[in-house]
Amino acid sequence: MSHTLVLMGPLLPSVMQILESTYTVHRYWESDDQPALLASVADQCVAVVTDGGRGVEAAVLKQLPNVKIVSVFGVGVDAVDRHYCKEHGILVTNTPDVLSDDVADMAIALALAVSRQLVAGDQYARAGRWAAEGAMPLTRRVMGKRAGIYGMGSIGNALAKRLTGFDMSISYCNRSARTDSPHTFVPSLTELARSVDYLFVTASATPESVGAVNAQVLDALGTEGYIINVSRGTLIDEPTLVSYLQEGRIAGAGLDVFAEEPSIPEALYALDNVVLQPHNASGTWETREAMGKLVLDNLAAHFAGQPLLTSIE
Ligand code: 8YV
């Protein structure tokens, strides 16, 4: 008999197809009566599969006492109650590394887009304003500027590689200096912000990093500084960021992530110093297929009694 698992939300169709032909899958998000669904599979369910945004709460896991693994389609596991998992010996797996290149690409795209006013330029061209009014207003150069990376993990590293192609000086703030990084380590996030033109947020969401980009950091970034966030919205004090953008207290922002997704603070829609994305940094077919494969491979390894390919402490 196949193993029973609860799937918290939809995944790529190709991944769902393999998942559902290999296991007995219960679709949590589609259920009209989720508590009844959990109660009906409480004995059999041995795994939960979810994505980075949905994760899984302790309230759900409590109803599934035989779950031994939570497999996350995403690198961030902040939406999984890891404390509960640890206490109950539940393994947590994620999909690191396979998405780093695309997320780094998105960070670069956002930096270029907000500095060079790509979206505004596109609108200007489409509205026929070039012919009617002449050239659009001048923008800001990216090449050769100073970049700061908050979180020098796999994504931060992939980003640094790209930034060197723009002749940018690179410094970073991380829990500790990385012996494998040639870039300048700055222990304080505020000091990092003070010394750069672009502050890229690539750290994972942890109790230490949540809210770390606060008014003090934004003040240090200053009126010429841009912030780019491809990590989690919760790392930034969002109401403060919105008011700083409205008041021109920083130059601009490229944001792929928000504190309460899928909500975006409406005030941002009116601002031309902001470029927005709907949390799509890993959203390419190539990366999503690779993430799906890792979810499936981790589950297969677990049920075969093999070591997991990627696991979280
Ligand atoms: C995904 C993410 O958008 O990996 C993460 O942590 O946030 C993203 O790659 C998400 O997990 C897919 O739904």
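This briefing describes the ligand site, the sheet, the pockets and cavity, and some backbone features of the structure above. The model is predicted: local features need pLDDT of at least 70, side-chain atom pairs count only at pLDDT 80 or more, and totals for chains, interfaces and linings use all residues. Residues are numbered from 1 along each chain as its sequence is written, and side-chain values use heavy atoms, with hydrogens and water left out.

**Ligand site**

- Ala, Val, Leu, Ile, Met, Phe, Trp, Tyr, Cys and Pro count as nonpolar, Asp, Glu, Lys and Arg as charged, and the others, Gly among them, as polar.
- F73 contributes through its backbone, where a polar atom is 2.9 Å from an oxygen atom of the ligand.
- The ligand taken alone exposes 330 Å², of which the protein buries 87%; the areas come from the Shrake-Rupley method with a 1.4 Å probe.

**Sheet**

- An open sheet with parallel pairing is formed by 7 strands in the order β8-β7-β6-β9-β10-β11-β12. Strands (E, at least two residues) and helices (H or I, at least four) are DSSP runs numbered from the N terminus, and two strands pair if DSSP finds at least two bridges between them.
- Since β8 (184-185) and β12 (274-276) stand at the edges with a single partner strand each, one side of each is left without a neighbour in the sheet.
- Strand β9 (residues 198-201) pairs with strand β10 (residues 226-229) in the parallel sense over 4 bridges. L199 has I227 in β10 as its bridge partner.

**Pocket and cavity**

- The second largest pocket contains about 310 Å³ of space. On a 1 Å grid over the protein atoms alone, a pocket is an open set of points with protein on both sides within 12 Å along at least five of seven lines, whereas a cavity is a set where a 1.4 Å probe fits but cannot get out; lining residues have an atom within 4 Å of a point.
- Grid points are joined across faces, edges and corners, and a volume is the space filled by probe spheres set on the points.
- This pocket is lined by 17 residues, and the closest to its centre are Q117, A120, P137, L138 and D272.
- Two or more lining residues come from each of α5 (100-115) and α6 (118-126), and α6 gives the largest share, 4 residues.
- The lining of the second largest pocket divides into 8 nonpolar, 6 polar and 3 charged residues.
- The whole structure has 1 cavity of 30 Å³ or more, and the largest cavity holds about 50 Å³ of space.
- Residues N229, G233, I236, E238, L241, L255, V257, F258 and L268 line the largest cavity; 6 are nonpolar, 2 polar and 1 charged.

**Backbone features**

- A cis peptide bond runs from E261 to P262, with omega near 5°; P262 is in the loop between β11 (252-255) and β12.
- Q117, although not a glycine, has a positive phi of about 55° and is in the loop between α5 and α6.
- D167, also not a glycine, has a positive phi of about 50° and belongs to the loop between α8 (154-164) and β7 (169-173).

Technical notes:
Polar contact = N/O pair within 3.5 Å; in protein donor to acceptor, adjacent residues only side chain to side chain.
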